[in-house]
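Trainee: Could we go through this structure together? I would like to begin with the overall layout.

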Amino acid sequence: MLEDCGVYGAFMHTACAADREEALAKYAEMKSELTEFLKRDTAPDKELDFFSRFADKY
């Protein structure tokens with residue numbers, strides 16, 4: 001299964017999961033992390049660091 005997430009105009013990521021349960025869990029985690037990221041006022045260079053770490057994690 002594939003799950004997509006992203007920040008419009010800045011970042012798009014597709015994550016793979018073995019089954020529906022794993023996909024739903026990953027999606028919830030990704031959504032939570034992206035929500036927290038969007039609440040912060042982040043400098044552009046730090047945004048790239050976040051996106052890189054996020055893609056490595058998922």
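Predicted model: local features only at pLDDT ≥ 70, side-chain atom pairs only at ≥ 80, totals over all residues.

Trainee: In what pattern do the elements follow along the sequence?

Mentor: The protein chain follows β-β-α-α, with 2 helices and 2 strands. These are DSSP runs, with helices being H or I of at least four residues and strands E of at least two, numbered from the N terminus.

Trainee: How much of the chain is buried?

Mentor: Buried residues (under 20% relative accessible area, 1.4 Å probe, protein chains only) make up 29% of the 58 residues.

Trainee: Turning to α1, what is its span?

Mentor: Helix α1 covers residues 20–39 and reaches 29 Å from its first C-alpha to its last, close to the 28 Å expected. The expected span is 1.5 Å times one less than the number of residues.

Trainee: Which residues of α1 are buried?

Mentor: Ala23, Lys26, Met30, Leu34 and Phe37 are buried. They line one face of α1, because they fall within an arc of 70° seen down its axis; the arc is that of the directions from the helix axis to the C-beta atoms.

Trainee: And which are exposed on the other side?

Mentor: Glu21, Lys31 and Lys39 are exposed there, exposed being over 50% relative accessible area.

Trainee: What caps the N-terminal end of α1?

Mentor: Asp19 does, with a side-chain oxygen 3.2 Å from the backbone nitrogen of Glu21.

Conventions: Residues numbered from 1 in each chain as written. Heavy atoms only, no water. Polar contact = N/O pair within 3.5 Å; in protein donor to acceptor, adjacent residues only side chain to side chain.
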